[in-house]
Amino acid sequence: DSLTGLFTRDYLLDSLSGAIAQQRLRFTPLAEAAPGTPDAPGGFEARNFAVLTVQLRGLQRLAADYGYLFLEKALARLAAEFAALAPEGALAARISDGELGLYLPQGTPKSCRALGREIIARLAGLTFNHELSGSTVSIRAAAGYACFPQQAELPKAAHGAAAPDFPLDLD
């Protein structure tokens, strides 16, 4: 993403598709597995991965009150902070105008809750100074996550609707 320096939504989705395809291979019985595939011992193994999303709230207000240039600078700073909090091996992406996401190859519900709370607190603690008006503003954020294999069967889990701890919200 040229504005934030994060990966794009499409790249995140491609990475998730690859992770899901790898999981399908792991659940293929050894007798049916294609030659050369990395089979798990016994033919079945599930590895955790997760997607954590963060919705940024108040961006429309920033644009309306202070203009799009101010909003873009704020969004770039929010994205940089978001990426800095990503664990090693995670993939940070801009999903939409007001939503950021992380693909966490080793994500678990416990680690997602802890990371979500940390991200929300850090982003909510950022302030943005508008030089012309002298105003100082901040944004609010909410986070949700979905983990594989724990929530693999739940519809809408990728957006947190089925996750019991969604949203992690500091409103």
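Analyst: A crossing of two helices is right-handed if the near helix is turned clockwise from the far one by less than a right angle. In this predicted model, the crossing of helix 3 and helix 4 has that handedness.

User: Why are helix 3 and helix 4 called roughly antiparallel to each other?

Analyst: Two packed helices are described by the angle between their axes and the distance between the axes. For helix 3 (residues 68-85) and helix 4, the axes come within 10 Å and cross at roughly 150°. An angle over 145 degrees counts as roughly antiparallel, and the two helices are therefore described in that way.

User: Which residues of helix 3 and helix 4 meet, and how does the contact divide by class?

Analyst: From helix 3 come Leu78, Glu81, Phe82 and Leu85, which meet Leu115, Glu118, Ile119, Arg122 and Leu123 of helix 4. By class, this contact holds 6 nonpolar, no polar and 3 charged residues.

User: How do you know whether Leu123 is buried or exposed?

Analyst: The relative accessible area of Leu123 is 0%. Buried means under 20%, so Leu123 is buried. Leu123 belongs to helix 4 (residues 109-124). Beyond its neighbours up to four places away in sequence, Leu123 touches Val54, Leu56, Leu78, Glu81, Phe82 and Ile139.

User: What makes Arg122 partly exposed?

Analyst: Arg122, also in helix 4, has a relative accessible area of 36%. Apart from residues within four places in sequence, Arg122 is in contact with Glu81 and Leu85. Arg122 and Glu81 are 41 residues apart in sequence, while their C-alpha atoms are 7.8 Å apart in space.

User: What is the class make-up of the contact of helix 2 with helix 3?

Analyst: Helix 2 (residues 59-66) and helix 3 pack at an angle of about 145°, with axes 7 Å apart. Helix 2 contributes Leu59, Leu62, Ala63 and Tyr66, and helix 3 contributes Tyr68, Phe70, Leu71, Ala74, Leu75 and Leu78. The residues of this contact comprise 10 nonpolar, no polar and no charged.

User: How do you know that both faces of strand 4 are covered?

Analyst: In a regular strand the side chains alternate between the two faces of the sheet. Glu99, Gly101 and Tyr103 on one side of strand 4, and Leu100, Leu102 and Leu104 on the other, are all buried. Tyr103 is one of them: its relative accessibility is 14%, which is under the 20% limit, so Tyr103 counts as buried.

User: With which strands does strand 4 pair in the antiparallel sense?

Analyst: Strand 4 is joined to strand 2 by 6 bridges, and the two run antiparallel. Here Leu52 has Leu102 as its bridge partner. Strand 3 (residues 91-96) also pairs with strand 4 in the antiparallel sense, over 5 bridges. Ser96 stands opposite Glu99, and a hairpin of 2 residues joins strand 3 to strand 4.

User: Why is strand 7 described as largely enclosed by the rest of the structure?

Analyst: Of the 9 residues of strand 7 (residues 140-148), 8 are buried, so strand 7 is largely enclosed. Strand 7 runs antiparallel to strand 2 (residues 49-57), and 9 bridges join the two. Ala141 of strand 7 stands opposite Leu56.

Key. Residues are numbered from 1 along each chain as its sequence is written. This is a predicted model: local features need pLDDT of at least 70, side-chain atom pairs count only at pLDDT 80 or more; totals for chains, interfaces and linings use all residues. Side-chain values use heavy atoms; hydrogens and water are left out. Buried means under 20% relative accessible area, exposed over 50%, partly exposed in between (1.4 Å probe, protein chains only). Helices (H or I, at least four residues) and strands (E, at least two) are DSSP runs, numbered from the N terminus. Two strands pair if DSSP finds at least two bridges between them. Contact means heavy atoms within 4.5 Å. Axes are lines fitted to C-alpha atoms, for helices over the stretch in contact, and angles run from 0 to 180 degrees between N-to-C directions. Angles under 35 degrees count as roughly parallel, over 145 as roughly antiparallel, 65 to 115 as roughly perpendicular and the rest as oblique. Ala, Val, Leu, Ile, Met, Phe, Trp, Tyr, Cys and Pro count as nonpolar, Asp, Glu, Lys and Arg as charged, and the others, Gly among them, as polar.
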